[in-house]
Amino acid sequence: MTTTTTLRPTDLAEVRDAVRDTPGRLAVAGAGTAAGWAGELGAVDAVLDLAGLTGVITHNPGDMTVSAHAGTPLRALTEELAEHGQHVSLDAARIADGATLGGLLATADSGPSSLVYGTLRDLVIGVTVVLADGTVARSGGHVIKNVAGYDLAKLLHGSYGTLGVLAEVVLRLHPVPKRTATLVVDAPLARAAELAARVLEGPFEPVALEWTSDGRLLVRIEGTDEALPARVARLQEVLGAGATTPEGDPWTRHAELTRGAPDAAVLRIGARPSLLPALVSELAPDAATAGLGTGVATVSLPPDAVADAHTRVHAAGGTSQLRSRPVGADAPAWGPPPSALAVLRAVKTALDPDGRFGPGRFSPWM
Amino acid sequence: MTLHGGVRQAFERVLDPADVLSDPVKCRAYECDGLTGYRVCPDLVLLPRDAAQVAAAVRVCHEHKVPFVARGAGTGLSGGALPVADGVVISLARLKRVLEVDPANRRAVVEPGVTNLEITAAAAPHGLYYAPDPSSQQVCTIGGNVAENSGGAHCLKYGFTTNHVLSCEVVLPDGSVVTLGTDTGEQAGPDLRGVFLGSEGTLGITTSITVRLLRTPESVRTLLADFPSVAAAGDVVSDIVAAGIVPAAVEMMDTLAIEAAEEAVHAGYTVGVPAALVVELDGPVEECDAQFEQVKAICEKHGCTRLHIAGSVEERAKIWKGRKAAFAAVGRISPDYFVQDGVVPRTRLAEVLDRIAGMGTDAGLRVANVFHAGDGNLHPLVLYSAAAGETERAERLSGEIAELCVEMGGSLSGEHGIGTDKACSMPKMFSEDDLAVMARVQAAFDPHNLCNPGKVLPTPRLCGERPGKYRAHPLEESGVIERL
């Protein structure tokens, strides 16, 4: 039986040395909040645990940029930035569980506010990555606007640790909104979709527009103290008399549904928003969140229904990937391969010719 | 013509022979893009009529190992569409159909030869628009925008082309056709679309682009404010940011740029003031009104000498006309000019402008400044006279300004691209390892280096060999990173 070594680098040089000096296959671990996502990790010789590679490197409040080590939990960064009234505009549910910057980037995770702010790919402006041969490479920079060179940060977004080890991440920041409000209205999915379409047609500029399978539509807007109450009132006119701004955090249930039940397989899907309600109704009308503006949904399924779900989503022109699955369950992580599979494999070979990083993550594609 | 007749015949088999140009007089029209200082006459120019013909043409290139350069409207400012010797130009000018406008999903599917503004025109009846707005938007094409990851005045709030393109159908350098990206922002696997966007035509040719459309904002408020100094105008920008306001756009012009623009389009700018700011807010009417009052107060606090608020759509258009015409307008006050596109951290704007002024004085040349003040993207215009033999000096100053931006922790280019123009400056910003890794990614897409070769990455032929000894990483020299 082989033993798996765990390495705990705490700075960039140690990451490089660990990759260079450790033979064999390597996995990268952050906070472990998405360790079971995507394809199941194959056998590795060593795990690079980046839990100690933390901390802000530079924060330039006036420029609204921050660079930090990849093992930094985003919630810790959020706390640090709060005193400057700034934040990273990402609201993936697992941030609350301690998810790290590198982990969030590598898994292409995002939350409801991706409707306006996009995913981490839209917020990352630079990366430092360590390749399988120990090469330390940088891409992007420390300014928000920058088109010099290939944007390798994008390539790492969603790469699940298979192309290189993210060591440092540079992000653009946004001001923390002065005031936020979420309107909640009870609505079955079809009705919620109608209401969402009306909200999107209007001048309301929602930052999140999500349906949850407990039969509620959640509409979040943000703005200033002066303007927000009037905007809430206008939005209420569209959503109807049943729309309220409830006490407490109306997003808790949404986050729970995104995580899924422990005995379920959780599939994240993306499709044109107009096609999403039908897909969600078909797949998991009782255990889902549906981004009615983003086209991104999370559904909980029995593991044996996953293969069929991939097929259905792809038939609708959509995208799907498995997130968590029950321990021991056999469910395919990915649907049909993308048309660009040959390029994807060529990029993998170019950056990690011996297939050292993250074996199994994109099985059976590569 | 150095491409042998057999290659031409191969192109003529997949395209209408009339769409294969070989007459040097006709080909000369394609010898440069908006960076007119670099010219290479292509051997052949191909004018495919649809995506299938583009793919077929690329397959011929691949089979015969002929380098090719895709070209849209040719408005690029970095020589990204500069032809290569013994190669062909593939013009996408005829792929100009809007294939689909899908208001329910707020997106459109367009061919690469559609202009930036035509997308918005097609979306406008639905109350939607396409957000990235390069100054050349009336003529530049979306295919070129994809290649360059174009920005524009409003990208401060709304982001760049990369943030607004959901997917691209791409003809890879071997002629195969793939889709990069998906119908939503959701990915399955690494974001290849994100690498393709801004790759300056070196990874393939896009033949169909799915873009996001945004709802036209309910309210737009625009002001033009004069300031007694560039520093005062810069302080206004800092205070706006510190107040947590994200304006749709913040643009600054200096005396020379104002003088040129005013002479060209009479947009109502004040000739002679040291600095003018254009600030635009958009969004729901209540937010816009509240924040606009704050912005006005900030302008006044910093000694604004004149505050002109656009009272109508026409007045706003006029303010923007002055700003967007500034590049071309400089032609009125100088026979020739170079445009630079460096970026500095916004907080160092005043400092970098001082340095640029000093460098101009030392070189004996005037430099006009028009820039996106909100994100630190400068557009220094180095004015010179080729007839007076100033070209080389101006070119040197222009390059030094771009490299100064890197020294200040910024970038060589914010939106115009590296292209041919700045490829040799890339080692100022990136280490050999950084560039080697980029080259590995490029080779994964294009192993035979046929697709727009010689752009983005420095080549020994173009830039000369560099000595092999240890050199500090450029960011290490500028104090941004520490040595390993």
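Trainee: In this predicted model, is C463(B) buried or exposed, or does it fall in between?
Mentor: Buried would require a relative accessible area under 20% and exposed one over 50%. The value for C463(B) is 30%, so the residue counts as partly exposed.

Trainee: Which cysteine forms a disulfide with C463(B)?
Mentor: A search of the whole structure, over all chains, finds 1 disulfide. In that disulfide the sulfur atom of C463(B) lies 2.0 Å from the sulfur of its partner, and the cut-off for such a pair is 2.5 Å. The partner, which counts as partly exposed at 34% relative accessibility, is C424(B).

Trainee: How many residues apart in sequence are the parts that this pair ties together?
Mentor: C424(B) lies in the loop between α14 (391-407) and α15 (426-429) of chain B, whereas C463(B) belongs to helix α17 (residues 460-463) of chain B. The pair therefore ties together parts whose separation in sequence is 39 residues.

Trainee: What is the handedness of the link between C424(B) and C463(B)?
Mentor: The handedness is given here with the angle about the S-S bond, which is -80 degrees. With that angle, the link of C424(B) and C463(B) is left-handed.

Trainee: Turning to chain A, are α7(A) and α8(A) parallel, antiparallel, perpendicular or oblique to each other?
Mentor: Helix α7 (residues 189-201) and helix α8 (residues 228-239) of chain A pack with their axes 10 Å apart, at an angle of about 140 degrees. Roughly antiparallel would need an angle over 145 degrees, and roughly perpendicular one of 65 to 115. The two helices, whose crossing is right-handed, are therefore oblique.

Trainee: Which residue follows α9(B)?
Mentor: Helix α9 (residues 255-265) of chain B has buried residues including L256(B), I258(B) and E262(B). The buried residues of α9(B) pack against several elements of chain B, among them β13 (249-254) and α11 (313-324). The residue that follows α9(B), with a positive phi near 50 degrees, is H266(B).

Note on methods:
Residues are numbered from 1 along each chain as its sequence is written. Chains are lettered from A and ligands numbered from 1 in the order in which they are written. This is a predicted model: local features need pLDDT of at least 70, side-chain atom pairs count only at pLDDT 80 or more; totals for chains, interfaces and linings use all residues. Side-chain values use heavy atoms; hydrogens and water are left out. Helices (H or I, at least four residues) and strands (E, at least two) are DSSP runs, numbered from the N terminus. Buried means under 20% relative accessible area, exposed over 50%, partly exposed in between (1.4 Å probe, protein chains only). Axes are lines fitted to C-alpha atoms, for helices over the stretch in contact, and angles run from 0 to 180 degrees between N-to-C directions. Angles under 35 degrees count as roughly parallel, over 145 as roughly antiparallel, 65 to 115 as roughly perpendicular and the rest as oblique. A crossing is left-handed if the near helix is turned anticlockwise from the far one by less than a right angle, and right-handed if clockwise. Contact means heavy atoms within 4.5 Å.
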